[in-house]
Amino acid sequence: MPTVHPIAVKVEHLTFDYTSHRALDDISFELSPGSVTALVGPNGAGKTTLLRSIAALDEPRRGQIFVGGVDVWREPRHAHRMMGYLPDHFGLYQTLSARECLFHAARSRGLDVNWAKQAVAWAAERVELVHKLDELAGTLSRGQRQRLALAQAIIHRPLLLLLDEPASGLDPQARADLSGLMRGLAKQAGVTILVSSHILAELENYCTAMLVLDDGRLRTHQSLDGGQATTGTAEIAPRLRQLRIRLLEDGMQTPRLPELQDWAASQGWRAWTNDNAIIIEGEFDDVAQSQVLRKLLDAHWPVLEFSASARALQDVYLEAVGHKKTAQGEHQ
Amino acid sequence: MIAMLWGNPEFRRNVLCEFSASRLLVDPLLIGLTLAVMVSSESDVKGIVIGISQIGFIFLTVIWGARQAGKAFSREFAEGTWDGQRMSGLTPWQMTWGKLLGSTLNAWYDGAIMMALFLIAVSIKENLYIAVLGALGWIGFAVAIHVINMIQILFNRDRLVQQRRLSSLIVFAILLFGWGVGSFAYDTDVFTLVQKIHWWGIEFSGAFFAVASVLAMSAWAVTALWQAMRRELLERNHPGWWLAFLLFWLFWAMGLLVRPDASSKSWPLFFLACALVAWGSVYPPLLISRKDPGYWLHLFTAWQRRDRALLLHLFPNWITSIALGLILSLVAELSATVLQSDRSSLSFPAMLLSSPLVLIPFVIRDVAIVLWFNLAPRAKAPDGAALVVLAVLYLLIPLLLDIGKGNPSILYYAFIPGIFHEHSSSGALICGTFFPLLQAAGALFLLRLRWQTHWAAAARS
């Protein structure tokens with residue numbers, strides 16, 4: 001039974017230069033095993049370059065990348081055994097059947113014939129392509145081709161799966177299927193997933209963390225499941241949560257809302273009114289939420305509604321990439 | 001054997017993707033019918049079978065096979081499957097022969113039919129030895145052409161598919177012109193024309209030597225493909241392979257120069273020829289290999305990190321050639337000084353101009369020009385531009401200075417290395433030694449300026 005390294009991916013001071021520009025500038029982060037991390041950023045932010053560098057396909061100029069403790073650029077072939085990669089423009093051997101595609105992927109990953117046959121069955125089941133195994137890859141629908149490519153990437157049961165825009169070009173049903181597949185891979189197979197996408201609403205469904213890249217720089221590394229910094233020495237910002245508090249109407253609720261807002265501010269929380277309620281934002285995990293409620297009750301606020309929700313991924317993303325635009329605006 | 005072949009996933013995949021079972025029946029039928037038609041109108045049956053088998057081999061195995069071998073890569077690039085292959089667990093050697101044989105299996109099936117006809121016909125007309133030698137020569141030649149097409153497509157993968165096809169066609173045209181067209185009107189006497197060859201003083205039959213040389217060429221071509229595959233599959237290469245290649249061919253070529261009755265006085269000439277070949281070997285890798293700023297920044301970082309394996313991997317082959325040229329030039333110069341007593345009567349400039357060392361400033365200038373174009377911030381076809389400049393320097397300017405004059409302008413000697421012309425006047429001697437140095441210094445200055453202006457800051461950051 002192979003031991004699982006406590007850090008699935010460790011990137012240190014990664015710098016990647018193209019002839020015309022610097023694509024990645026001193027990027028450092030860590031991913032914990034079994035995490036699903038969304039890699040987001042505007043077009044040209046460096047997402048694909050980062051994924052290809054981690055996949056040991058394009059060599060960075062500086063920095064180190066470790067996958068499962070293996071230095072990717074010192075032992076690329078060893079690292080490849082531990083990872084799968086689905087590029088944005090993936091390819092399939094059109095004239096081979098899905099079964100032959102998967103069998104080739106398994107054999108070329110070093111599995112012997114018997115293991116390869118079992119791996120084909122396992123991967124096809126994972127991506128729900130069992131009934132399409134004998135059809136030519138070129139005749140499959142876009143969603144089925146995407147799943148076949150994904151099955152090729154996971155056929156050797158990698159520790160790390162890198163996905164570049166896997167949902168692009170898929171219809172809503174296929175995208176929903178893909179989301180379910182990601183969740184299954186992370187939870188059941190324990191695969192660490194780094195997925196780049198522009199469709200933030202879907203990433204929210206299955207991602208546990210988010211990396212925001214902009215202009216080659218890492219803007220934020222945010223936890224999405226309420227967890228604190230959990231991996232090694234790297235700091236992951238916990239995800240902010242919003243608490244919505246409504247007070248009992250007794251004819252004078254509206255005048256009391258500013259009072260509650262001031263009280264919340266005095267507690268050190270960021271608060272504002274919204275739709276006859278107060279919204280408080282902060283790093284509230286379950287224990288912290290309970291403490292807020294206790295304080296409200298102790299202060300004899302007539303609490304009618306108390307609900308918590310995670311801050312939308314869209315807001316986190318816009319805030320992260322918005323810093324630059326604001327700064328640029330001020331500069332101009 | 002079949003289990004071994006089928007056990008290579010890359011061979012298996014190529015066969016499944018490319019092999020056409022219908023051709024197993026159709027091709028022998030077509031070949032048989034063509035042969036029947038040709039034989040019925042000719043009295044020299046053996047001669048026509050020999051001719052058709054070779055022409056058929058050229059078209060069906062060499063040309064069609066090279067196309068298929070090239071497609072083994074171009075399809076991967078066009079269809080986006082190459083990244084998956086690079087991340088596979090296949091060894092570079094498995095990938096090399098899996099692609100080389102798997103993608104060309106149909107062509108080799110036809111080639112086997114052609115070679116069987118060739119063997120039978122030549123055995124009857126001449127003898128089995130000549131037949132086997134001929135067949136081996138053709139097979140080696142076909143393998144070399146397949147590999148060369150694969151390598152050039154691999155090197156040109158970043159260009160448009162159309163350009164790849166065009167360059168592929170050009171390579172074919174050049175390579176086939178000499179060999180294929182010459183063999184069109186094949187006659188078995190080709191193998192007996194050169195009765196004996198002396199190589200390093202040892203006597204070989206001409207046929208044997210020619211076929212052995214072709215097989216050596218194809219073995220080196222396969223080695224080059226294997227090296228390219230190692231690079232693609234992220235294994236580090238060693239510049240020693242290029243040195244080994246150069247030394248092998250120097251050894252091969254120089255063996256032809258050494259006569260059994262050669263005296264020690266011919267050694268300087270022998271080393272001079274070696275040095276010239278070594279200097280000439282600077283240019284192909286200089287023009288083919290990567291020289292863009294990204295490559296130099298990468299090399300610079302490897303140097304800063306003292307990453308020996310990466311440094312060796314990235315080490316330019318043309319520097320190896322320069323080093324070899326320098327060593328062989330010095331050896332030639334030393335051997336001439338020791339063995340040729342009449343050299344002592346020459347003046348120093350005259351002695352220098354007759355030495356291969358005179359090539360050093362020219363090569364440095366040329367390298368600097370090529371790199372200068374490649375380090376342009378938005379370089380477009382930099383090697384083509386550099387070749388135009390070199391053509392002007394080596395052809396147009398000397399022609400301009402020489403045309404219609406019995407005694408060319410002394411500036412002529414500034415552009416043609418002294419070793420390639422006679423130089424009697426003192427002006428010619430000065431021009432032949434001083435101006436090349438000035439040109440090399442100027443080119444190096446411009447190169448340094450371009451590096452400092454555009455890339456030095458990036459290298460430090």
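Biologist: Which strand do six bridges join to strand β9 (residues 209-214) of chain A, and in what direction do the two run?

Modeller: Strands of a sheet pair through backbone hydrogen bonds, either parallel or antiparallel. In this predicted model, β9 of chain A is joined by six bridges to β10(A), and the two strands run antiparallel. Within β10(A), A:Q222 is the residue that stands opposite A:M210.

Biologist: Which helices pack on the sheet, and which strands do they touch?

Modeller: Helix α1 (residues 47-54) of chain A touches β3 (36-40), β7 (160-164), β8 (192-196) and β9 of chain A. The direction of α1 makes about 150 degrees with that of β7(A). Helix α5 (residues 142-154) of chain A touches β6 and β7 of chain A, and its direction makes about 160 degrees with that of β6(A).

Biologist: In what order do the six strands of the open sheet lie?

Modeller: The order in chain A is β6-β7-β8-β3-β9-β10, with mixed pairing. At the edges stand β6 (83-86) and β10 (217-223) of chain A; each has a single partner strand, so one side of each lacks a neighbour in the sheet. On average, neighbouring strands are turned by 15 degrees against each other, direction ignored.

Biologist: How many residues of chain A are in contact with chain B, and which helix gives the most?

Modeller: The size of an interface is often given as the accessible area lost when the parts come together. Counted by residues here, 27 of chain A are in contact with 23 of chain B. Helices α2 (76-80) and α3 (98-108) of chain A each supply at least two residues of the side that touches chain B, and α3(A) gives the most, with four. That side of chain A divides into ten nonpolar, nine polar and eight charged residues.

Conventions. Residues are numbered from 1 along each chain as its sequence is written. Chains are lettered from A and ligands numbered from 1 in the order in which they are written. This is a predicted model: local features need pLDDT of at least 70, side-chain atom pairs count only at pLDDT 80 or more; totals for chains, interfaces and linings use all residues. Two residues are in contact if their C-beta atoms, placed from the backbone, lie within 7 Å. Ala, Val, Leu, Ile, Met, Phe, Trp, Tyr, Cys and Pro count as nonpolar, Asp, Glu, Lys and Arg as charged, and the others, Gly among them, as polar. Two strands pair if DSSP finds at least two bridges between them. Axes are lines fitted to C-alpha atoms, for helices over the stretch in contact, and angles run from 0 to 180 degrees between N-to-C directions.
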